[in-house]
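Please look at the structure first and then read on.

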Amino acid sequence: MTTETLPLPSTLRTGLARGAAEVRAYFRERDAVVFTFALPTVILILLGMIFDEPLDGVPDVTVSQVFAAGMVAYGILSTAFISIGMGIVADREDGTLKRLRGTPVTAGAYLIGKIVLVAVTTAASVALMLAVAVLLFDLELPGDTGRWITFTWLMALSVVACTLLGIAASTLARSTRSAPAVMNLPVLALQFTSGIFVHVTTLPDGMLTVASWFPVKWMGQGFRSVFLPDAVAAQEVAGSWEHGRIALVLTAWCLVGLALCLATFRWTDRRTR
């Protein structure tokens, strides 16, 4: 009689299973889902209605369409950075992470689970924002495969980078009471300095130089390249879309976020040690 040894669960398999559980739990909290999805869309509607004049130099494009394209970056940040960061603070404070430590869920599997959750919620949030932009502001969806390929790698790199950075930033919040301020402050500041809430041509050079060190500026520029005519590229800082540089910067931030996660991730609240 032989006994068959069952294979130990791999980090990827465990992470995907954890991600499926995270998605189910997330969508059960209907109030959180509504407000998470509503905030970027509401801001998009407000900015689009306020700034609805034709874009200087490109009369067939409106400023509202420029904002709508760039606001995809804020939708990703809202779900990937803010929501995930605050959720991890809550998991750490209520002991969820401490309980998970006694299961096959490793730190790597936990991170994969969070990325799965963000990928699903971000896809839904961005789809809602694009639907509103098309219906209210006449934003045209790309008609060629090349732009959708650009959209795909932009989404992938943006989701991974923002999720990892959100997980790392969660260690800065000492409690769920301080988490909203810790997570929202850098996001709101970067929306203004990176040309998401304010048109990039109106920003001071020094502000743009600082913003170029962070991923948000490149995310917004990338998504504008997907949904806007190439004539709009002349109004970017370099006068072109710079797809190669966007890919390099976002990849670098993925690596930075991973390094920060591995260096700072904690299973328990520091006050319980």
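Helices here are DSSP runs of at least four residues, numbered from the N terminus. The model is a predicted one.

Asp 138 is found in the loop between helix H5 (107-137) and H6. Most residues other than glycine have a negative phi. Asp 138 is not a glycine, yet its phi is positive, about 60 degrees. Is Asp 138 buried or exposed? Its relative accessible area is 56%, so Asp 138 is exposed, since the cut-off for exposed is over 50%.

Glu 242 lies in the loop between H9 and H10. Glu 242 also is not a glycine and has a positive phi, of about 55 degrees. Its relative accessibility is 16%, so Glu 242 counts as buried, the cut-off for buried being under 20%.

Ser 64 lies in helix H3. With 4% relative accessibility, Ser 64 counts as buried. Apart from residues up to four places away in sequence, Ser 64 touches Gly 48, Phe 51, Asp 52 and Phe 137.

Ser 170 sits in the loop between H6 and H7. Its relative accessible area is 0%, so Ser 170 is buried. If neighbours within four places in sequence are left aside, Ser 170 is in contact with Gly 85, Ile 88, Val 89, Arg 92 and Met 183.

| Residue | Relative accessible area | Class |
|---|---|---|
| Ser 64 | 4% | buried |
| Asp 138 | 56% | exposed |
| Ser 170 | 0% | buried |
| Glu 242 | 16% | buried |

**Helix H7**

Helix H7 covers residues 179-193. Its 15 residues, at 1.5 Å a residue, should span 21 Å, and the end C-alpha atoms are 22 Å apart, which agrees. H7 has a kink of about 25 degrees at Leu 185, shortly before the proline Pro 186.

Which residues of H7 are buried? They are Ala 179, Met 183, Val 187, Leu 190 and Gln 191. These buried residues pack against helix H3 (63-93), helix H6 (145-169) and helix H9 (215-227). After H7 comes Gly 195, with a positive phi near 85 degrees.

**Two helix pairs**

Two packed helices are described by the angle between their axes and the distance between the axes.

H3 and H7 pack at an angle of about 160 degrees, and their axes are 9 Å apart. Angles over 145 degrees count as roughly antiparallel, and H3 and H7 are therefore roughly antiparallel to each other. H3 passes H7 in a right-handed crossing. On the H3 side the residues that meet H7 are Tyr 74, Leu 77, Phe 81, Ile 82, Gly 85, Met 86 and Val 89. Their partners in H7 include Ala 179, Met 183, Pro 186 and Val 187.

For H6 and helix H10 (residues 243-264), the packing angle is about 25 degrees, with the axes 8 Å apart. Angles under 35 degrees count as roughly parallel, and H6 and H10 are therefore roughly parallel to each other. The crossing of H6 and H10 is left-handed. Among the H6 residues that make the contact are Trp 153, Leu 157, Ala 161 and Leu 164. H10 contributes residues including His 243, Ile 246, Leu 250, Trp 253 and Cys 261.

Terms used
Residues numbered from 1 in each chain as written. Predicted model: local features only at pLDDT ≥ 70, side-chain atom pairs only at ≥ 80, totals over all residues. Heavy atoms only, no water. Helix = DSSP H or I, 4+ residues; strand = E, 2+ residues; numbered from the N terminus. Expected span 1.5 Å × (residues − 1). Bend = angle between axes of the 7 residues up to and from the residue. Buried < 20%, exposed > 50% of the residue type's maximum accessible area, 1.4 Å probe, protein only. Contact = heavy atoms within 4.5 Å. Axes fitted to C-alpha atoms, helices over the stretch in contact; angles between N-to-C directions. Parallel < 35°, antiparallel > 145°, perpendicular 65-115°, else oblique. Left-handed = near helix turned anticlockwise from the far one by under 90°.
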